[in-house]
Amino acid sequence: MDEVHGPIERALAAIGERIAAAGGEGVRIVAVTKGFDLGVVRAARAAGCGDIGENYAQELVSKAPALEVDAAGERPRVHFIGGLQTNKVRQIADLVDVYDSVDRVSLIDEIARRAPGAEVLIQVNSTGESSKAGCRPDQVGSLVEHASASGLVVCGLMTVGPTDGDPMVTRQGFALVRRLVDSLGLEVCSMGMSDDLEVAIAEGSNEIRVGSALFGPRPPR
Ligand SMILES: *Cc1c(COP(=O)(O)O)cnc(C)c1O
C-alpha cells in the first residue's frame with residue numbers, strides 16, 4: 001500500500017533535510033499556522049506536526065475547534081509566539097500550552113494569574129532593533145527569576161532574527177541567545193524561521209518556528 005505524501009509532508013521532509021544539513025539533531029519544529037485557516041491546522045496535525053504556533057489571540061480563539069483532541073486521543077502543543085497584550089491572556093489561557101513571547105513583568109504576572117504553572121519562554125531582543133519585541137539581553141536573568149518565583153515553568157529563551165535578514169547580525173544575535181540559555185541552565189533555545197533556520201541551528205537552536213516553508217506564502221491579513 002502506498003503512503004500518501006501531501007504537500008505538508010513533503011515540506012516537512014525538506015525541512016528535516018535542511019536541519020540535518022545544518023548539523024541539527026533533535027530540533028523541534030513548531031508549525032506556525034498564523035494567517036492560515038482551520039483546514040491548514042488540521043492538515044498540519046494530520047501530517048504529524050505536534051507543535052502549533054499562533055501569533056494573534058483572536059485568531060487563536062477562532063481556531064480552537066482545530067486544536068481539540070483527535071481520534072487517537074492526541075492534542076497539539078500550542079505555542080503562543082506573537083506579541084501579547086496582558087488583557088488578552090485570559091481569552092487564550094485554556095488553549096495555550098507554552099507562551100513563547102514573554103518579555104516583561106506585567107505579562108508574567110498576568111500569565112501566572114490566568115494560567116498558573118504554565119510553561120514559558122522569555123523572548124529576547126537579540127538584535128537591538130527598536131521595533132522588535134523581546135527584553136534586553138541584560139534583563140533576561142531577572143525575568144527568568146521573576147517567572148520562576150511566580151510559579152511558571154521557564155523552559156528557555158526565544159528570539160527572532162533581524163527584520164532585514166542581515167546575516168552577520170543574525171548570527172551574532174543567535175549566538176548571544178544560545179550563550180544566555182547555557183549560562184542560565186535552561187533547555188529550550190527557540191530561534192530560526194523559514195529563512196534563517198540554518199544559521200540558527202549552526203548557533204545552537206533546538207527549536208525552530210516555521211510557517212511559510214511548510215505552508216507556502218501567508219495570505220495577507
Ligand atoms: C510568523 C512567525 C514565524 C514563522 O515565520 P516564517 O518566515 O513564515 O517561517 C516564526 N516566529 C514568529 C515569532 C513569527 O511571528
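**Reading the words off the model**

Q: Which residues bring helix α5 and helix α6 into contact?
A: In this predicted model, V105, I108 and D109 of α5 meet L143, H146 and A147 of α6. By type, the residues of this contact divide into 4 nonpolar, 1 polar and 1 charged.

Q: Which residues of α5 are buried, and what do they pack against?
A: The buried residues in α5 are L107, I108, E110, I111 and A112. The partners of these buried residues are α4, β4, β5 and α6. I108 also takes part in the contact with α6.

Q: Why is I81 called buried?
A: The relative accessibility of I81 is 10%. Buried means under 20%, so I81 counts as buried. I81 sits in the loop between β3 (77-80) and α4 (89-92).

Q: What does I81 touch, leaving out residues up to four places away in sequence?
A: I81 touches V32, G53, E54, N55, D100, S101, M158 and R209. Take R209 from that list: I81 and R209 are 128 residues apart along the chain, and their C-alpha atoms are separated by 8.9 Å.

Q: How do you know whether A11 is buried or exposed?
A: Use the cut-off again: A11 has 12% relative accessibility, so A11 counts as buried. A11 lies in helix α1 (residues 7-21). Leaving out residues up to four places away in sequence, A11 touches A213 and L214. G185 is 174 residues from A11 along the chain, and the C-alpha atoms of A11 and G185 are separated by 33 Å.

Q: Why is strand β6 described as largely enclosed by the rest of the structure?
A: Count its residues: 6 of the 7 in β6 (residues 153-159) are buried, so the strand is largely enclosed. Strand β5 is mostly covered, with 5 of its 6 residues buried.

Q: What makes β5 and β6 a pair of strands?
A: Two strands pair if there are at least two bridges between them. β5 (residues 119-124) and β6 are joined by 6 bridges and run parallel. Within this pairing, E119 stands opposite V153.

Q: How do you know that β4 pairs with β5?
A: The test is at least two bridges, and 3 bridges join β4 (residues 98-102) to β5. These strands run parallel, and Y99 stands opposite V120 in β5.

Q: What joins β1 to β8, and which way do the side chains of β8 point?
A: Strand β1 (residues 28-32) is joined to β8 by 4 bridges, and the two run parallel. A31 has V210 as its bridge partner in β8. Along β8 (residues 207-210), E207 and R209 point one way while I208 and V210 point the other way, and all are buried. R209 is also among the residues that I81 touches.

Definitions and conventions
Residues numbered from 1 in each chain as written. Predicted model: local features only at pLDDT ≥ 70, side-chain atom pairs only at ≥ 80, totals over all residues. Heavy atoms only, no water. Contact = heavy atoms within 4.5 Å. Nonpolar A, V, L, I, M, F, W, Y, C, P; charged D, E, K, R; others polar. Buried < 20%, exposed > 50% of the residue type's maximum accessible area, 1.4 Å probe, protein only.
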